[in-house]
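Q: I'm new to this one. Can you walk me through it?

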Amino acid sequence: MTNNDKNTSPHMLPPLPYEDNELAPVISAKTIGFHYGKHHRGYVDTLNGLIKGTEFSDISLEEIISSTAGRPERSAIFNNAAQIWNHTFYWQSLRPGGGGKPAPVLMKRIENSFGDMEACRKDLLNAAITQFGNGWVWLVMDGERLKVVKTGNAELPMAAGMKALLTIDVWEHAYYLDYQNRRADYVNALLDKLINWEFAAQNLDS
Ligand code: MN
């Protein structure tokens, strides 16, 4: 990255919430280097280029997403804006030393919505395995209930009025260097060791 013109590019790549080697061995520093350093940054740079001098140049990322969703003629702007949002949310959905059990307030909601933690986990894994091609798996709040949804490409659940609590990136670039085609192994390891239930619990109230 050599050309981030901060004076004319309103959207910035947010800092990673941890060092690039802190998610290893589940997600290697090499994967983070490409995924954050190239892919996420690439969406930021591309969006800044696409919106320069347009009606989208001085509105927030969320406003760009909501005003371009479902408009095929704006799909390039939507895709890059949504991918910035999705990736920032994904990095926060992970943490070194994650996994384990959610706090009681979130656990109660999980039990009310799924029956138990194991069923919630199974839904997350199944959504990841069955998402055909690139996309995202989400734990969302839909009204008072939690549920698992999957989206393709850059799509995100807010467009359908649901509130995201957590996401898992299932684009191949998220796991291919570490797991090749073994998406289930990546998701299982992530759920066991990295998933950030504290972040999910914060999002319940945000
Ligand atoms: Mn990604």
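Predicted model: local features only at pLDDT ≥ 70, side-chain atom pairs only at ≥ 80, totals over all residues.

Q: Let's start with the metal. Which residues coordinate the manganese ion?
A: His 35, His 87, Asp 169 and His 173 coordinate the manganese ion. The histidines use NE2, and Asp 169 uses OD. The distances are 1.9 to 2.1 Å.

Q: How are the donor residues spaced in sequence?
A: The pattern is H-x51-H-x81-D-x3-H.

Q: Is Asp 169 buried or exposed?
A: Asp 169 is buried, at a relative accessible area of 0%.

Q: And His 173, buried or exposed?
A: His 173 has a relative accessible area of 17%. The cut-off for buried is under 20%, so His 173 counts as buried.

Q: New topic: helix packing. What describes two packed helices?
A: Two numbers do: the angle between their axes and the distance between the axes.

Q: Fine. How do H2 and H3 meet?
A: H2 covers residues 61-68 and H3 covers residues 75-92. Their axes come within 9 Å and cross at roughly 135 degrees. H2 and H3 are therefore oblique to each other.

Q: Which residues make that contact?
A: From H2 come Leu 61, Glu 62, Ile 64, Ile 65 and Thr 68. From H3 come Ile 77, Phe 78, Ala 81, Ala 82, Ile 84 and Trp 85.

Q: How many are nonpolar, polar or charged in the contact of H2 with H3?
A: Nine are nonpolar, one is polar and one is charged.

Q: Left-handed or right-handed crossing?
A: The crossing of H2 and H3 is left-handed.

Q: What about H4 and H8?
A: H8 spans residues 197-205. The axes of H4 and H8 are 9 Å apart, at an angle of about 80 degrees. H4 and H8 are therefore roughly perpendicular to each other.

Q: Which residues meet there?
A: H4 brings Val 105, Leu 106, Arg 109 and Ile 110. H8 brings Trp 197, Ala 200, Ala 201 and Leu 204. The contact of H4 with H8 has seven nonpolar residues, no polar ones and one charged.

Q: Back to H3. Where does Gln 83 sit, and is Gln 83 buried or exposed?
A: Gln 83 lies in helix H3. Gln 83 counts as buried, at 2% relative accessibility.

Q: What does Gln 83 contact?
A: Setting aside neighbours within four places in sequence, Gln 83 contacts Tyr 43, Trp 136, Asn 153, Ala 154 and Trp 171.

Q: Another glutamine, then. Where is Gln 131?
A: Gln 131 is in the loop between helix H5 (117-130) and strand E1 (135-142). Gln 131 is buried, with a relative accessible area of 11%.

Q: What is around Gln 131?
A: Leaving out neighbours within four places in sequence, Gln 131 is in contact with Lys 150, Thr 151, Gly 152, Val 170 and Arg 183.

Q: Which residues of H7 are buried?
A: In H7, residues 183-193, the buried ones are Arg 183, Tyr 186, Val 187, Ala 189, Leu 190 and Leu 191.

Q: What covers the buried residues of H7?
A: The cover includes H3, H5, strand E3 (163-169) and helix H6 (176-179).

Q: Last one: where is Asp 116?
A: Asp 116 is in the loop between helix H4 (104-114) and H5. Asp 116 is partly exposed, with a relative accessible area of 38%.

Q: What does Asp 116 touch?
A: Not counting residues up to four places away in sequence, Asp 116 touches Ile 110 and Glu 111.

Key:
Residues numbered from 1 in each chain as written. Heavy atoms only, no water. Axes fitted to C-alpha atoms, helices over the stretch in contact; angles between N-to-C directions. Helix = DSSP H or I, 4+ residues; strand = E, 2+ residues; numbered from the N terminus. Parallel < 35°, antiparallel > 145°, perpendicular 65-115°, else oblique. Left-handed = near helix turned anticlockwise from the far one by under 90°. Contact = heavy atoms within 4.5 Å. Nonpolar A, V, L, I, M, F, W, Y, C, P; charged D, E, K, R; others polar. Donors = N, O, S within 2.8 Å, 3.2 Å for Na, K, Ca; no water. Buried < 20%, exposed > 50% of the residue type's maximum accessible area, 1.4 Å probe, protein only.
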